[in-house]
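The following exercises are to be worked with the sequence and coordinates at hand. Each task is followed by a stepwise solution.

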Amino acid sequence: MATVELTFSALPAHVRTARLVATAIARRTGVAEAILDEVRLAVGEACSRAVEAHRLHCPGEPVRIELRDDAGRFEVTVTDAAPSEDVTPQVLEANGSLMPEIDNLGIAVIAGLADDVEVLPGPKGMRIRMSWPASSPGIAAP
């Protein structure tokens, strides 16, 4: 299992960089070309949400992204440090419905783009984990 970690300041311009890095690593882990746009869009949505939360609550803190290949899956976790009012973990079912319900259009978009999504809000930030099927055994060196 290989992992790449990326942190960036809460600026909208850095979201594009995060999308490009995620797409490149997804391609290397064996994510199908047909799914790469979904990866790019979902990562962009999660990062944009995190940047906005940071700009409102903690502009000096970096947004964190972890990209990994784990047992045939490409997994991306976007973590922010902004406090979340809802501290109940949210898990998306395969059909895109939330258990329990969460009212957030951005997360609904992510749920439509990723195979598996887990949303974990907490008093010290939110973590959004997304994953897609991958075929290669690990992240290759450039």
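The model is predicted.

**Exercise 1.** Determine whether the end-to-end distance of helix α1 agrees with its number of residues.

*Solution.* Helix α1 covers residues 13–29, that is, 17 residues. Just after the helix, Gly30 adopts a positive phi of about 100°.

**Exercise 2.** Identify the buried residues of α1 and the elements against which they pack.

*Solution.* The buried residues in α1 are Val15, Ala18, Ala22, Thr23, Ile25, Ala26 and Thr29. Their packing partners are the strands β1 (3–8), β2 (63–70) and β3 (73–79), together with helix α2 (36–57).

**Exercise 3.** Classify Ser131 as buried or exposed, and describe its surroundings.

*Solution.* Ser131 belongs to strand β7 (residues 125–133). Its relative accessible area is 2%; the cut-off for burial is under 20%, so Ser131 is buried. Beyond four places in sequence, Ser131 touches Arg73, Phe74, Glu75, Ala114, Asp115 and Asp116. With Arg73 there is a polar contact between the two side chains, at 3.0 Å.

**Exercise 4.** Which residues of the largest nonpolar core touch the most other members, and which element supplies its largest share?

*Solution.* In this core of 34 residues, Phe74, Val76, Val78, Ile128, Met130 and Trp132 touch the most other members. Elements supplying at least two residues each include α1, β3 and β7. The largest share, 8 residues, comes from α2. Contacts of Met130 include Ala42, Val43 and Ala46, as well as Phe74, Val76 and Val78.

How values were computed: Residues are numbered from 1 along each chain as its sequence is written. This is a predicted model: local features need pLDDT of at least 70, side-chain atom pairs count only at pLDDT 80 or more; totals for chains, interfaces and linings use all residues. Side-chain values use heavy atoms; hydrogens and water are left out. Helices (H or I, at least four residues) and strands (E, at least two) are DSSP runs, numbered from the N terminus. The expected span of a helix is 1.5 Å times one less than its number of residues. Buried means under 20% relative accessible area, exposed over 50%, partly exposed in between (1.4 Å probe, protein chains only). Contact means heavy atoms within 4.5 Å. A polar contact is a pair of N or O atoms within 3.5 Å; within protein, one must be able to donate a hydrogen and the other to accept it, and residues adjacent in sequence count only if both atoms are side-chain atoms. A nonpolar core is a set of buried Ala, Val, Leu, Ile, Met, Phe, Trp, Tyr and Cys residues joined through side-chain atoms within 4.5 Å.
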